[in-house]
Amino acid sequence: MKRYFSILALLHFCMATMVAQTQISEYQPGVTPEGAIYFLPKTALRFDLLVEKTVYKPGDFSAYAQRYMRLNDVKQEASTSYRIINIKLMPVGVADSTKGYALKFDPKTVAANVALAEDGRLLAINAEPKAQQALKHFEPSPKKRLMEPRQLMSQEILSAGSTAKMAELTAREIYDLRENRNLLIKGQADFMPKDGAQLRLMLDQLDEQDVALTSLFRGIYDCDTTEHTLIVCPEGPIQRQLLFRLSQVNGLVDADDLSGAPFYITVEDLNTVPPVDEETAAKAKKKKTYEAGVYVNVPGRMRISLFQGINNIMTTEQPAAQFGNVELLSGELFNKRYTTHLWLNPITGAIDRFESEQPK
């Protein structure tokens with residue numbers, strides 16, 4: 001009999017434990033008729049890098065650039081180079097799987113309208129979540145097509161007996177274009193345009209021809225800008241962690257490729273939220289198991305620094321959910337005697353807005 005009673009007691013204890021654990025465990029988020037399972041967010045850092053690739057192709061007459069066009073330091077060999085033209089940092093919210101909670105709908109409350117993000121983050125209760133701005137991606141400007149310089153060469157240039165002679169005649173053609181442009185601006189040209197729009201059109205055409213022919217001496221620089229996104233989710237303070245490497249020759253390279261210059265990230269906890277002592281944490285854990293309510297983040301703040309080698313190129317501060325605490329909003333706030341609306345910040349999980357009104 002004692003053995004039978006012991007088995008029943010053990011079974012009752014296990015069932016009670018299972019019921020308690022259904023409120024706080026590893027959950028799959030979602031909303032059901034019985035309740036909702038949700039995550040609170042942690043704050044990740046999104047870095048958008050704009051990397052410019054420049055491909056240089058020497059012109060056909062680059063060897064004569066200084067002699068005929070007085071252009072110094074014109075390169076004679078093709079090359080490719082990369083450089084960063086902008087780094088944008090943006091905090092984003094991601095679901096924190098260690099902060100998964102179950103909200104059971106009680107008939108005595110009105111906390112039945114729960115809005116979740118796609119990854120399970122709690123956004124709002126009894127309210128429509130704020131529309132989140134879509135992340136804008138970089139869109140390169142359309143390239144302006146250059147005129148083919150050989151189509152602008154006269155018969156005399158094309159029939160020249162040597163490259164040096166072709167370069168000399170092309171240089172004369174460029175100087176003639178520039179002289180004609182100056183005469184138009186001064187109003188001394190033989191054929192003056194009738195109005196300002198026609199003048200602008202003629203000047204643009206002369207400029208296009210000048211750029212095309214000069215490229216035979218200066219060479220052509222073809223630039224392309226691409227966007228690269230890196231996301232870092234600090235679980236704690238970070239001290240000079242490698243973020244990426246950039247090679248002037250090969251662009252973004254692997255972390256172990258020493259041809260790329262290193263860029264490091266440092267994240268500091270500014271300790272703006274007092275830490276929770278062990279006794280309070282134990283009580284909070286017990287409350288999580290047995291008390292009804294809604295959990296929200298009390299975020300701290302972090303300082304993010306970005307270094308290129310040893311040089312600090314960016315420092316900023318952001319709120320951070322993982323450097324703060326979690327608090328319980330009592331289920332009494334959602335009692336049917338009141339209509340309670342709650343909005344949470346999708347990045348930090350903190351309360352953005354809270355409204356409670358007594359029904360008429």
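Strand E7 (residues 238–247) is joined to strand E8 by three bridges, and the two run antiparallel; strands here are DSSP runs of at least two residues (E) and helices are runs of at least four (H or I), numbered from the N terminus. Within this pair, Leu246 stands opposite Leu252 in E8. The model is a predicted one, in which local features need pLDDT of at least 70 and side-chain atom pairs count only at pLDDT 80 or more, whereas totals for chains, interfaces and linings use all residues. Residues are numbered from 1 along each chain as its sequence is written, and side-chain values use heavy atoms, with hydrogens and water left out.

E7 and E8 belong to an open sheet of five strands in the order E8-E7-E9-E10-E11, with antiparallel pairing, where two strands count as paired if DSSP finds at least two bridges between them. Its edge strands, each pairing on one side only, are E8 (251–253) and E11 (311–330). From one strand to the next the twist averages 30 degrees, with axes taken as lines fitted to C-alpha atoms and angles running from 0 to 180 degrees between N-to-C directions.

A further open sheet has four strands in the order E4-E5-E12-E13, again with antiparallel pairing. Here the edge positions, with pairing on one side only, belong to strand E4 (114–116) and strand E13 (351–357), and neighbouring strands are turned by 15 degrees against each other on average, direction ignored. Three bridges join E4 to strand E5 (residues 122–125), and Val114 stands opposite Ile125 in E5.

The nonpolar cores are sets of buried Ala, Val, Leu, Ile, Met, Phe, Trp, Tyr and Cys residues joined through side-chain atoms within 4.5 Å; buried means under 20% relative accessible area, exposed over 50% and partly exposed in between, for a 1.4 Å probe and protein chains only.

| Core | Number of residues | Residues included |
|---|---|---|
| Largest | 24 residues | Phe61 and Phe217, with the most contacts inside it |
| Second, separate | 21 residues | Leu243, Phe244, Met302 and Ile304, among them |

To the largest core, H2, helix H4 (163–186) and helix H5 (196–218) each supply at least two residues, and the largest share, seven residues, comes from H4. Leaving aside neighbours within four places in sequence, Phe217 is in contact (heavy atoms within 4.5 Å) with residues including Phe61, Tyr68, Val74 and Ile174.

Ala63 lies in the loop between strand E2 (35–57) and helix H2 (65–69), and counts as exposed because its relative accessibility is 60%. The C-alpha atoms of Ala63 and Val74, eleven residues apart along the chain, are separated by 8.2 Å.
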